[in-house]
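Hi,

Here is the structure I said I would pass on. Have a look at it first, and my notes follow below.

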Amino acid sequence: MQKIFLFLSIFLAGVLVIVVVISYSNSEMITNGKNAVTETKDSIGTKQISQDTSKENFIEKEKDKILYLFPADGEQQIEKYAIEIKSKKTRFDELFGSEVKNPLTIESHESFNSPEVSSENSITGGYYITNDSTLHMSMEIESWQNILIHEYTHYRTHQFYEMQDLPVNQIPTWFEEGIAEYMADPLNLMAPSQLETVSDFRKMDSTESFQEIQQEGFSPYAQSYFAVQLLVNTHGIEVIPELLKSQTMDAFYDNLERIAQKPLNEFQTGF
């Protein structure tokens with residue numbers, strides 16, 4: 001079986017959680033950077049995640065304006081997180097600007113089955129909570145770099161909205177997740193030709209429609225990645241903040257067609 005990283009979003013008790021999951025099958029993921037529920041074709045299940053409210057078991061350390069919370073044996077791991085983020089930060093600053101409204105906190109957990117974070121099982125690798133700008137990582141995950149940068153991208157994207165005073169639901173789900181995957185792995189070796197079918201992007205604007213497309217056998221997550229990759233390769237990485245500044249969903253698609261110089265139905269089959 002192939003091990004696949006899945007990036008999921010869950011809306012629990014009024015808290016948005018963007019989750020990274022490891023699946024040991026060929027399931028496809030469904031995700032949304034803004035709200036709501038997730039499921040995969042192999043029914044790995046929704047994670048029941050609760051935040052630790054006491055933090056008394058964590059050691060605190062601030063590094064490069066990020067607050068790290070970690071267990072007694074976790075300092076070496078958070079040093080690795082800090083190095084990884086620092087190595088990518090210039091790229092993010094050039095893309096989104098160096099200013100953020102809400103500082104980031106990264107919590108490193110021994111396990112997501114630990115008392116600090118409860119889960120039905122141990123396959124969760126990481127997640128980001130928008131309402132308090134916290135990124136949670138499991139120390140059990142060996143291949144953590146893409147997970148960390150994917151979730152860090154969600155943080156920086158949402159801070160871009162805050163700094164630009166943009167509405168929170170003006171960007172389609174597929175574009176937000178495509179950005180996060182591109183920033184985590186811009187040199188992904190998967191070829192667009194591996195997409196067996198392509199869906200209408202308009203059917204992937206929300207979590208619900210994204211999930212429906214997934215269940216119909218499409219690969220919306222991979223399609224989103226290739227769309228962002230195509231835009232960046234053709235028009236430069238500055239196309240990302242340009243599109244994120246769209247004030248409405250309709251304005252986003254108008255801007256996309258203007259930049260791509262082709263209607264949506266041609267763009268989404270052009271990679």
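**What turned up**

Let me start with Gln268, which touches Val198, Ser199, Asp200, Phe201 and Gln223, leaving out residues up to four places away in sequence. Before going further, bear in mind that this is a predicted model.

Gln268 sits in the segment after helix H8 (264-267). Is the residue buried or exposed? Its relative accessible area is 8%, and the cut-off for buried is under 20%, so Gln268 is buried.

You will find Ser246 in the loop between helix H6 (239-244) and helix H7 (249-260). With a relative accessibility of 2%, Ser246 counts as buried too. Its side chain reaches the backbone oxygen of Leu243 at 2.8 Å. Setting aside neighbours within four places in sequence, Ser246 is in contact with Gln170, Ile171, Ala251, Phe252 and Asn255.

Next, a helix pair. How do H2 and H3 lie relative to each other? The axes of helix H2 (residues 145-164) and helix H3 (residues 173-184) come within 8 Å and cross at roughly 130 degrees. Angles of 65 to 115 degrees count as roughly perpendicular and those over 145 as roughly antiparallel, so this pair is classed as oblique. The crossing of H2 past H3 is right-handed.

If you want to select the residues that make this contact, here they are:

- From H2: Asn146, Ile149, His150, Thr153, His154, Thr157, His158 and Tyr161.
- From H3: Glu176, Glu177, Ile179, Ala180, Glu181, Met183 and Ala184.

Sorted by class, the contact of H2 with H3 has six nonpolar, six polar and three charged residues.

Last one: Lys86, which belongs to helix H1 (residues 75-96). Here the relative accessible area is 56%, and exposed means over 50%, so Lys86 is exposed. The C-alpha atoms of Lys86 and Asp64 are separated by 7.9 Å, with the two residues 22 apart along the chain.

Cheers

Conventions: Residues numbered from 1 in each chain as written. Predicted model: local features only at pLDDT ≥ 70, side-chain atom pairs only at ≥ 80, totals over all residues. Heavy atoms only, no water. Helix = DSSP H or I, 4+ residues; strand = E, 2+ residues; numbered from the N terminus. Buried < 20%, exposed > 50% of the residue type's maximum accessible area, 1.4 Å probe, protein only. Contact = heavy atoms within 4.5 Å. Axes fitted to C-alpha atoms, helices over the stretch in contact; angles between N-to-C directions. Parallel < 35°, antiparallel > 145°, perpendicular 65-115°, else oblique. Left-handed = near helix turned anticlockwise from the far one by under 90°. Nonpolar A, V, L, I, M, F, W, Y, C, P; charged D, E, K, R; others polar. Polar contact = N/O pair within 3.5 Å; in protein donor to acceptor, adjacent residues only side chain to side chain.
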